[in-house]
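Open the model in your viewer and follow the stops below in order. Each one says what to select and what is found there.

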Amino acid sequence: MKTVIAVAAVILSCAGAVCAQTLDDLKNDGKNPDNILTYGMGYAQNRYSPLAQINKSNIKKLVPVWTAGLENELGEQAQPIIHNGVMYVSNARWTVALDALSGRQLWRTAVDFPPETPRVVCCGVSNKGVAVYNGKVFRTTLHAYVVALDQKTGKELWKQKAAEWTEGYSQTVAPLIANGVLVTGISGAEFGIRGFLDGWDPETGKHLWRRYTTAGPDDKGHDTWEPRTSYVNGGASTWITGSYDPQLDLMYWGTGNAGPWNPRVRKGDNLYAASIIAVRPKTGEIVWHYQATPNDIYDWDAVWEVILADINVNGVPRKVAMQMNRNGFLYVLDRATGELLSAKPFGELNWATHVDMKTGRPVESEGAKKYRAGEPFPMWPSVRGAKNWPHAAFNPNTGLLYANTNHSYSTVRMLELAPYKAGTRYVGVENTYPTVNRGDIVGHIEAIDPMTATPKWRIPVRDYQIASAMLATGGGLLFSGKHTGEFFALDADTGQTLWEFRTSSGVNAMPVTWTHKGKQYVTVLSGLGGLYGTRAREALKDVPVGGSVWTFALQDN
Amino acid sequence: MKKILGAIALLAAAQSPLYAQSLQDLARDGKGGSTDNVLTYGMGYHQQRYSTLKQVNKSNVKRLVPVWSTSLSSNYGEQGQPLVYDGIMFVANAEHTIAIDVATGKQLWRTPVEFDPATPRVVC
């Protein structure tokens, strides 16, 4: 009898509108803290939760409540998605559903990517997470397929090829559901790809539109490619999920570096590489764009999170889009029009002197001009950027951005550019990093004012740069993690470390916080990987690989 | 200066008889030997797997929580009993032998076992 009742209850709850989340649920993500439905914990990608049960006064009582192995040694970068008590996580090999309260595995579906795929992956074999909508779980695969799984069983419902991986295309991006359209990006700007966004029908997998991010013969901006054919291998990948403003019905995606890095074969500004683009989800139309780095020769991807907020600009409240760009400038744009409101350096940089606020263009330094002319250039920031992808958080109450930033240079020099060959690296620049000595400052954890780009506080990071996103909470806390495995909480007012726990491997992922029956939890994935975890493997040789999910709560007593 | 002192301390420790455990240490394991160490299979030659420690007890076991974790990077299964000596934990599986700092969980070293990939066919 008990079984019958339980079955009836399941049917009832799933027949109702509660089982499948709606577009309204997605818009309101962040308002019901039991769920985390979007990349960035809300379409605005603030990575801020007002939850305050876990706070400065009790953080020392935070303990692990469960962990789940992910059977993957390639690295974990994903943000978990939580819906109705079920947590969905992904990596390059698996999509996994877990009971959020106990960590018990509900289903696990394998990704069958060809074992040769990693040769077209620049920066770590990984996956940034899934999207959920209307009873389905969506993800991308390393060999550039977009897949829909049944949310209850993990069974594959449809699978569509986005691009040909042997031509250098790959996917690690978490999909975005905006205005009923499933939107995915692409990786591969080091392999001579032509970047794009795709729109799909989430129900059927039907391809709705493609918006190439290098302007072709029929696109506005085609004359920014000289010779005109160079757009074909022009890069401008879209490997970090865009944010979305449902009122304006605009998505904000960043685009990657122009390809190849060596500009010999592509004179001109090269639209829409190294830009922020505002895109209509139904059509893929680019409504406005802001190019941060015209004729990029630095690998200045502009793909980092575009954080949406309403802030005061010269005493006037403005709806803005903010980005701490790889190139070292913090851009604040009017998100309705694309008007540039501020562009101040947040890190050490020597490739440009400033951004001309009249033209919106960076003014390149003498050093940068010499680099263009063929001389070696010790460049600040390094090719990894003043900030890499690890996403910043924004607390609307303090008005501050909280970020893990980089503090290093690298020496770049133009090389002879080998002719384009499909599926091989197409770069033509040599990049060397200086030796990092024990104790060297390699980055900062900092709280930054968006309009001045100056830190309210900053804490030096030594030895290994941080490659984990930031989470800010109403409890006055920041959560992030280190390559060496520590998951930590800081006082958001001072940057002081209040708590840390060594997880089983390196942390280079995205923490989230959520509630179940009124109790607050914090979850993060552990599993050394990604760009830095892969490149710095020798320095990190004593950090074991192996992925797992970690969920923490305050100890009851 | 601090570094030099550290080096001297290490040298002193290496030369003292404490550094290498003796047959006597092994015999005393689980029988009045230091509870800081676990030196034998079964926690004592008698394999009683019994420890007199009672700091963790019935009244407070609900407050027992993980303090660190470390990945063993093996998909084959873990059956090993850890040994602990002088603040270092030694763990083994089919693929690796690993030394871990007991206080922090930090891996100190890891040595792969290079067994012939065909071996599993003679493993029941």
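Select A:Tyr402 and A:Leu478 to begin: these are the residues with the most contacts inside the largest nonpolar core, which has 166 residues. A nonpolar core here is a set of buried Ala, Val, Leu, Ile, Met, Phe, Trp, Tyr and Cys residues joined through C-beta atoms within 7 Å. Buried requires 20 or more other C-beta atoms within 10 Å of the residue's own, exposed means 12 or fewer, and partly exposed is in between, with C-beta atoms placed from the backbone. Next, colour strand E21 of chain A, residues 329-334, which gives this core its largest share, 5 residues.

This is a predicted model, in which local features need pLDDT of at least 70 and side-chain atom pairs count only at pLDDT 80 or more, while totals for chains, interfaces and linings use all residues. Residues are numbered from 1 along each chain as its sequence is written, and chains are lettered from A and ligands numbered from 1 in the order in which they are written.

Return to A:Tyr402 and show its surroundings. Leaving aside residues up to four places away in sequence, A:Tyr402 touches A:Ala392, A:Ala393, A:Ala447, A:Met470, A:Ala472, A:Leu478 and A:Ala492. Two residues are in contact if their C-beta atoms, placed from the backbone, lie within 7 Å.

Now select the whole of chain A and switch to cartoon. Chain A contains 4 helices and 38 strands, taken as DSSP runs numbered from the N terminus (helices H or I, at least four residues; strands E, at least two). Its radius of gyration is 22 Å, close to the 24 Å that the globule rule gives for 557 residues, so chain A is as compact as a globular protein of that length. The radius is taken over C-alpha atoms, and the rule is 2.2 Å times the number of residues to the power 0.38. Of the 557 residues in chain A, 55% are buried.

Move to the boundary between the chains. There, 16 residues of chain B are in contact with 15 residues of chain A. On the chain B side, 5 are nonpolar, 8 polar and 3 charged. Ala, Val, Leu, Ile, Met, Phe, Trp, Tyr, Cys and Pro count as nonpolar, Asp, Glu, Lys and Arg as charged, and the others, Gly among them, as polar.

The mean for chain B is 86, and 84% of its residues reach 70 or more. Over residues 1-17 of chain B the pLDDT is below 50.

Key
pLDDT = per-residue confidence, 0-100.
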